[in-house]
Amino acid sequence: MFERFTKDARAVVQGAVECAAEVKAPVVGAEHLLLALLEREGSRGSFALAALGVAERKESVRQALEDARRRAGLSQAEADALAGLGIDVAEVVARVEETHGVGAMAGGPKGVGRRSGRPGFARDAKEVLEKALRVALARRERHIGDEHILLALTVRPGVPAEVLADHGVTHESLTRVLGGAGEACA
């Protein structure tokens, strides 16, 4: 599949590996793909993010991803569902961090996926990359670009899609900006 990736898409994947390594994450997750997309310039994906106003709000996106990481990867929707059951996730995080330090629920380097010293890819990141292929095929495009990774992030449920939607980036808004087929490729 990677042979179909454009230079920009490969740079996103490499950037995601670097983002994961910087924070000593045991695996590369979908959030690392989003963080790497935020760093891109001069690509279709970066153009789309800029057109939707995310370029000026990159720090807000990063903070939202960090907040979710501190909640052990729970999306805000999941935290709200737990609140409906009487579980205050913010309180749980505060108590755990009080005892074990800031970021204790975020996980840490446990050697998982670290055979070669680099983190492996988590299931969510693999699913995003597979979905990027399906998005490109649905758009009748031969190569997978960083814009396809971005589109895939918006259709796969989870923290990255929620954070993007909270910042005005949905599959529909991206399709309008990028043009082309609007199939979600679920």
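## Terms and basis of the model

Buried residues are those under 20% relative accessible area, exposed residues those over 50%, and partly exposed residues those in between, with a 1.4 Å probe and protein chains only. This is a predicted model, in which local features need pLDDT of at least 70 and side-chain atom pairs count only at pLDDT 80 or more, while totals for chains, interfaces and linings use all residues. Residues are numbered from 1 along each chain as its sequence is written, and side-chain values use heavy atoms, with hydrogens and water left out.

## Overall architecture

The secondary structure comes to ten helices and two strands, where helices (H or I, at least four residues) and strands (E, at least two) are DSSP runs numbered from the N terminus. Along the sequence these elements follow the pattern α-β-α-α-α-α-α-β-α-α-α-α.

Of the 186 residues of the chain, 42% count as buried. Its accessible surface, computed by the Shrake-Rupley method with a 1.4 Å probe and, for residues, with only the protein chains shown counted as cover, comes to about 9800 Å², and 52% of this belongs to carbon and sulfur atoms. Among contacts (heavy atoms within 4.5 Å) between residues at least 6 apart in sequence, 66% join residues at least 24 apart.

## Salt bridges

Side chains of opposite charge can pair when their charged atoms come close. The whole structure holds seven salt bridges, each being a side-chain nitrogen of Lys or Arg within 4 Å of a carboxyl oxygen of Asp or Glu. One of them joins Arg-62 to Glu-59 at 3.5 Å, N to O; these two residues are three apart in helix 4 (residues 58–70), which places them about one helical turn from each other. Arg-62 is partly exposed at 24% relative accessibility, whereas Glu-59 is exposed at 53%, and both belong to a network of salt bridges that also includes Glu-39.

Helix 4 also carries Glu-66 and Arg-69, again three residues apart and about one turn of the helix, and their side chains form a salt bridge at 2.8 Å, N to O. Glu-66, at 27% relative accessibility, is partly exposed, as is Arg-69 at 33%. A further salt bridge pairs Arg-139 with Glu-141 at 3.7 Å, N to O; here Arg-139 is buried, with a relative accessible area of 10%, while Glu-141 is partly exposed at 26%.

## Helix 9 and its surroundings

Helix 9 (residues 159–166) is mostly covered, with six of its eight residues buried, namely Val-159, Pro-160, Ala-161, Glu-162, Val-163 and Leu-164. These buried residues pack against helix 2 (30–39), helix 3 (44–51), helix 4, helix 5 and helix 8 (146–155). After helix 9 comes Gly-168, whose phi is positive, near 85 degrees.

## A threonine contact and a nonpolar patch

Thr-175 lies in helix 10 (residues 171–178) and is buried, at 11% relative accessibility. The Thr-175 side chain reaches the backbone oxygen of His-171 at 2.8 Å.

On the surface, Leu-85, Ile-87 and Val-92 form a nonpolar patch with about 270 Å² of accessible area together. Patches are made of residues with over 30% relative accessible area and no salt bridge, like charges being joined within 9 Å and nonpolar side chains (Val, Leu, Ile, Met, Phe, Trp, Tyr) within 5 Å. Leu-85 sits in the loop between helix 5 (76–84) and helix 6 (89–100), and is exposed, with a relative accessible area of 68%.

Methods
A polar contact is a pair of N or O atoms within 3.5 Å; within protein, one must be able to donate a hydrogen and the other to accept it, and residues adjacent in sequence count only if both atoms are side-chain atoms.
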